[in-house]
Amino acid sequence: MQLCENRTVIITGAGGGLGRAYALALAKAGASVVVNDIRLEAAEAVAAEIAAAGGKALANAGDICSLEGARGIVEAALAAFGEVHAVVNNAGILRDRMFVSLSEEDWDAVMRVHLKGHFCLARVLAERWRNLAKDGIAVDARIINTTSGAGLQGSIGQSNYASAKGGVAALTLVQAAELARYGVTANALAPAARTSMTEQGMPELVKKPDSGFDHYDPANVAPLVVWLASGESRGVSGQVFEIEGDRVSVCDGWRSGPEARAGGVAFDAASIGQVVARLIGEAVPAKPVWGS
């Protein structure tokens with residue numbers, strides 16, 4: 001039996017880059033795939049590629065940034081394949097500016113696609129999965145979100161993107177905690193690969209080599225997504241993974257570090273600076289902000 005046989009997965013931003021790689025790999029693993037992309041022709045091309053290889057796919061251009069659009073995507077998936085077992089929230093855009101030059105429109109556009117786009121589909125599906133579980137139907141469902149190094153460490157020139165992706169990481173933790181009782185897991189990955197966004201921001205770094213291992217090939221990230229979407233990953237939830245090339249790691253998120261106590265009274269402003277200096281000296285240094 002294939003790893004994702006009899007499972008249906010919705011993938012956003014699947015007309016190219018990482019989303020396309022996920023769609024091809026999931027279909028190869030036996031999944032029925034909803035290829036969602038705002039560019040319908042791109043989605044149709046990926047769906048046709050899957051069908052030509054003997055897989056099952058549905059092209060879809062529904063709006064991921066509204067609950068109404070998300071309901072339409074889910075309804076199309078149910079009509080085509082009967083059920084939805086996983087969503088891979090992958091779609092994204094960039095509006096890079098230094099913070100002091102960032103416009104309200106640039107802020108809102110990135111928040112809408114990355115953060116609200118992660119909310120809408122997962123919200124519609126979570127309600128469905130909860131209702132199924134309450135009706136006594138076994139649920140084994142997956143939310144797979146996309147954060148980034150920018151969201152985990154910050155990135156110069158990307159305060160909007162970094163804020164949205166940091167929000168995605170926090171959202172994942174809450175989803176995992178709240179939805180476990182219904183048979184739903186939630187995890188996130190911070191992938192590094194050659195996509196339209198990274199080719200725009202760091203073209204030389206992600207350029208395909210003339211020979212040898214292609215470190216930034218999006219296909220290198222796909223195996224983790226296939227596994228997370230499968231039944232094999234049901235015991236893993238609330239995790240954030242960094243993955244690129246031949247490397248995968250589990251992120252060690254925010255946690256309480258070294259502490260000090262004032263002994264039953266409040267700290268005072270004149271002396272707390274010395275306490276803070278000592279605590280910072282004892283703490284594990286944070287990874288540097290990207291680009292710094």
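**Close-up views of a predicted model**

**View 1. Val100 and a nonpolar surface patch in the predicted model.** Val100 has a relative accessible area of 77% and is therefore exposed. This residue sits in the loop that runs between strand E4 (86-88) and helix H4 (104-134). Together with Met98, Ile156 and Val289, Val100 makes up a nonpolar patch on the surface. The accessible area of the four residues together is about 390 Å².

**View 2. The largest nonpolar core.** This core has 30 residues. Those that touch the most other members are Val9, Ile11, Tyr22, Leu26, Val33, Val35 and Leu189. At least two core residues come from each of strand E1 (8-12), H1, strand E2 (32-36), helix H2 (40-52), E4, helix H9 (222-229) and strand E7 (240-244). The most come from H9, which supplies six. A separate second core holds 28 residues, including Cys65, Leu125, Ala126 and Leu132.

**View 3. The surroundings of Val35.** Leaving aside residues up to four places away in sequence, Val35 touches a set of residues that includes Ile11, Ala14, Ala23, Val46, Ile50, Leu58 and Asn60.

View 4. Side chains with opposite charges can pair if their charged atoms come close. Here the side chains of Arg20 and Glu49 form a salt bridge, with 2.9 Å from N to O.

**View 5. The salt bridge of Asp63 and Arg112.** The N to O distance in this pair is 3.5 Å. Asp63 lies in the loop between strand E3 (56-60) and helix H3 (67-81), and Arg112 in helix H4, so parts 49 residues apart in sequence are tied together. Asp63 is partly exposed at 33% relative accessibility; Arg112 is partly exposed at 41%.

**View 6. The salt bridge of Arg194 and Asp214.** The side chains meet at 2.6 Å, N to O. Asp214 is in the loop between helix H8 (203-206) and H9, and Arg194 is in the loop between strand E6 (184-191) and helix H7 (196-201). Are these two residues buried or exposed? Asp214 is buried, with a relative accessible area of 11%, and Arg194 is buried at 15%. The whole structure contains 14 salt bridges.

Definitions and conventions
Residues numbered from 1 in each chain as written. Predicted model: local features only at pLDDT ≥ 70, side-chain atom pairs only at ≥ 80, totals over all residues. Heavy atoms only, no water. Patch = residues over 30% accessible without salt bridge, like charges linked within 9 Å, V, L, I, M, F, W, Y side chains within 5 Å. Areas by Shrake-Rupley, 256 points an atom, 1.4 Å probe, with all protein chains shown as cover. Helix = DSSP H or I, 4+ residues; strand = E, 2+ residues; numbered from the N terminus. Buried < 20%, exposed > 50% of the residue type's maximum accessible area, 1.4 Å probe, protein only. Core = buried A, V, L, I, M, F, W, Y, C linked by side-chain atoms within 4.5 Å. Contact = heavy atoms within 4.5 Å.
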